[in-house]
Amino acid sequence: MEKLINTSKALDLINNGDTLLVGGFGLSGTPLTMLDEIANSEKHDLTVVSNNLGETGKGLGKLLLSGNLKKAVGSYFTTNRDAVQAWSDGELQIELIPQGTLAEAVRCGGAGIGGFYTKTAVGTKLAEGKEEKVIDGKTYILEKAIKGDISLIKALKADTIGNLVYDHTARNFNAVMASAGKVVIAEVDEIVEAGELHPLEIVTPHAYVDYIVLNKYVKKGGAYVESV
Amino acid sequence: MLSQSERIKIAKRVAEELKEGQIVNLGVGIPTLIPDYLEGKKLFLQSENGLLGMGPTPDKENVNMDLISASKKPITMDTGASLFDSSDSFVMIRGGHVDVAILGALQVDRYGEIANWAVPGKTILGVGGAMDLVAGAKQIIIASTLCAKDGKSKLVEKLHFPSSGKRRADLLITEHAVFKFTNEGTELIEILSDISIEQLRDMIDVEFKYNDIKIIT
């Protein structure tokens, strides 16, 4: 199966009202090209699960400005003023989850596990309404797994069958997001022939990856800039 | 507002608590100053976005937006560094594989329960890894000013700010004093400025006991 597709075909895979699992920590490890496609489209009522909403006007921050989003699920929205504003104006629903709980919930979603008991957030506002359980004398809360319709992830390189390698800390949420979406689209800087990635360096095996798109941005001076 | 020299004083005192070879997660603010005051002690710094073995800030030409700290600042990798994904990073944090978390705080109660993520009445839209660190690190040291910007004591009888979890801090290190938390409550163990015990009592809202106080001025 040919996994490499162009970004407009990838956009067609996304439906209004879908839940998107989006990799990235700040802008690092974010599928910038696919997010541009969505921001320039009429897609609406999307729910995004991601650690944060990029930065003001960048990455997922663009989707906020272009009105594609209904809801955001993540751990840290305070640094994007637009997200705070949209929430205050009632234009964006936000569900706040501790960062480690978010990562584990998505991991469980991809691993066929319905939920898990964690000690994080016990006794806090973020545990309100959640089932408590004492296991071996310690109190935990139940967190449900998170799954998505589409995973949008960013890797450094793919091979033609969809094995992925990442750039340093750009791996972040991408590896778990790759497992928990019905359709997984990986945006990469470069595609090489199968066999060219050393098995020891592959982090995400091709079983998780349905489609590959090429990143239109190029890295200059350590940051992605639009190529001319 | 705390002067830079007082911030450094807190960082230096925290650095004394840390032991060679420990795995340490540094929060934002004063904790980020600590690596400069280790006096040759070798630590392994954990960054929750997926790195164990964080090194110093790179030269401008070696900056890579895909090698960053949890504060989203460019970093380098130390000898022996390893990279992993976010779920593994929180296995490390929540699972008790990080020796020490050094955190800031908005308030700490008399038993060491921490509030460090939200202010009442304001929008609560960010928690990050704060609650996971509080729940999972083997030892928790709070590095903070004794009083908030409005002059109110951060050490309080009962938290007014939302709690970060049931797990309690071990130590609170401030510009004036070091406090230890036990099941009996707050214990003053060290004075770091020219403040008297009576002045400390006036400043903070918590009864504290003391036996053997170290006075460093």
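Reply: Two residues are said to be in contact if their C-beta atoms, placed from the backbone, lie within 7 Å. This is a predicted model, in which local features need pLDDT of at least 70 and side-chain atom pairs count only at pLDDT 80 or more, while totals for chains, interfaces and linings use all residues. Residues are numbered from 1 along each chain as its sequence is written, and chains are lettered from A, and ligands numbered from 1, in the order in which they are written.

Turning to chain B itself, we find four helices and 14 strands. The radius of gyration of chain B, taken over C-alpha atoms, is 17 Å, close to the 17 Å that the globule rule (2.2 Å times the number of residues to the power 0.38) gives for 217 residues, so chain B is as compact as a globular protein of that length. Along its principal axes, the C-alpha trace of chain B spans about 50 × 35 × 30 Å. A residue counts as buried if 20 or more other C-beta atoms lie within 10 Å of its own, as exposed if 12 or fewer do, and as partly exposed in between, with C-beta atoms placed from the backbone; by this rule, 45% of the 217 residues of chain B are buried. Among contacts in chain B between residues at least 6 apart in sequence, 64% join residues at least 24 apart.

The strands can now be followed one pairing at a time, where two strands pair if DSSP finds at least two bridges between them. Strand 1 (residues 23-26) of chain B runs parallel to strand 2 (residues 44-47) of chain B, joined by three bridges, and here B:Ile23 stands opposite B:Phe44. Three bridges also join strand 1 of chain B to strand 5 (residues 100-103) of chain B, again in parallel, with B:Asn25 opposite B:Ala101. Elsewhere in chain B, an open sheet of three strands has the order 7-6-9, with mixed pairing. Its edge strands, each pairing on one side only, are strand 7 (114-115) and strand 9 (155-156) of chain B. Strand 6 (residues 107-109) of chain B pairs with strand 9 of chain B in the parallel sense over two bridges, and B:Val108 stands opposite B:Leu155 of strand 9.

Finally, consider B:Ser153, which lies in the loop between strand 8 (139-143) and strand 9 of chain B. Because 17 other C-beta atoms lie within 10 Å, B:Ser153 is partly exposed. Leaving aside its neighbours within four places in sequence, B:Ser153 is in contact with B:Leu146, B:Cys147, B:Met203, B:Ile204 and B:Asp205. B:Met203 is 50 residues away from B:Ser153 along the chain, yet their C-alpha atoms are separated by 6.4 Å.
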